Amino acid sequence: SSMLRRLITMSTPSRSSLGKYGEDFACRYLQNMGYKLLARNFRCHRYGEIDLIVEKSGCISFIEVKTRASTRFGRPIEAVTPAKQRKIHRCAEYYLQCRGLLEQPPVLSFDVVEIIIESTAAIRIRHWPHCF
């Protein structure tokens, strides 16, 4: 689509920068879809980090971005294991606590953005809202 072509401004990444490239791409994609970026790589010492925290229509979405060069070893979303989901839930709770939002929490969503980059001409992105 023309929107995806506009989003692609970088060359195909090396394996080491694939994750960062995917996060950049997901961030631009979500912003084009009307989401406001609240935080990127939000760290919580005990539970790791959340790739992207965005907001749209009063709903805060905690987003795990999974980027792969192919689906040879399964879909990227399959890498978001129950253990990883628990860590993201705990990190999200910490984020809300830091922002003073635990007393009256907003609507929350836990999402995965799955990106498969075969080449810059073939980038597939899929947003899975409310998936865990």
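Me: Which residues are buried in α2?
Reply: The structure is a predicted model. Buried here means under 20% relative accessible area. In α2, the residues that are buried are Leu 18, Tyr 21, Gly 22, Glu 23, Asp 24, Phe 25, Ala 26, Cys 27, Tyr 29 and Leu 30.

Me: How many Å apart are the end C-alpha atoms of helix α2, and what span should its 15 residues have?
Reply: Helix α2 covers residues 18-32, and at 1.5 Å a residue these 15 residues should span 21 Å. The expected span agrees with the distance between the end C-alpha atoms, which is 21 Å.

Me: What kind of aromatic pair do Phe 42 and Tyr 95 form?
Reply: The count of aromatic pairs comes to five. For Phe 42 and Tyr 95, the distance is 5.1 Å centre to centre and the angle between the planes is 90°. Planes over 60 degrees apart count as edge-to-face, so the pair of Phe 42 and Tyr 95 is edge-to-face.

Me: Where in the chain do Phe 42 and Tyr 95 lie, and how many residues apart are they?
Reply: Phe 42 lies in strand β1 (residues 36-44) and Tyr 95 in helix α3 (residues 82-98). The pair links distant parts of the chain, and the separation is 53 residues.

Me: Is Phe 42 buried or exposed?
Reply: The cut-off for buried is under 20% relative accessible area. Phe 42 has 11% relative accessibility, so Phe 42 counts as buried.

Me: Why is the pair of Phe 62 and Phe 110 assigned to its class, and what is that class?
Reply: The ring centres of Phe 62 and Phe 110 are 5.3 Å apart, with the planes at 20°. Because planes under 30 degrees apart count as stacked, the pair of Phe 62 and Phe 110 is stacked.

Key: Residues numbered from 1 in each chain as written. Predicted model: local features only at pLDDT ≥ 70, side-chain atom pairs only at ≥ 80, totals over all residues. Heavy atoms only, no water. Helix = DSSP H or I, 4+ residues; strand = E, 2+ residues; numbered from the N terminus. Expected span 1.5 Å × (residues − 1). Buried < 20%, exposed > 50% of the residue type's maximum accessible area, 1.4 Å probe, protein only. Phe/Tyr/Trp six-rings, centres within 6.5 Å; stacked < 30°, edge-to-face > 60°.
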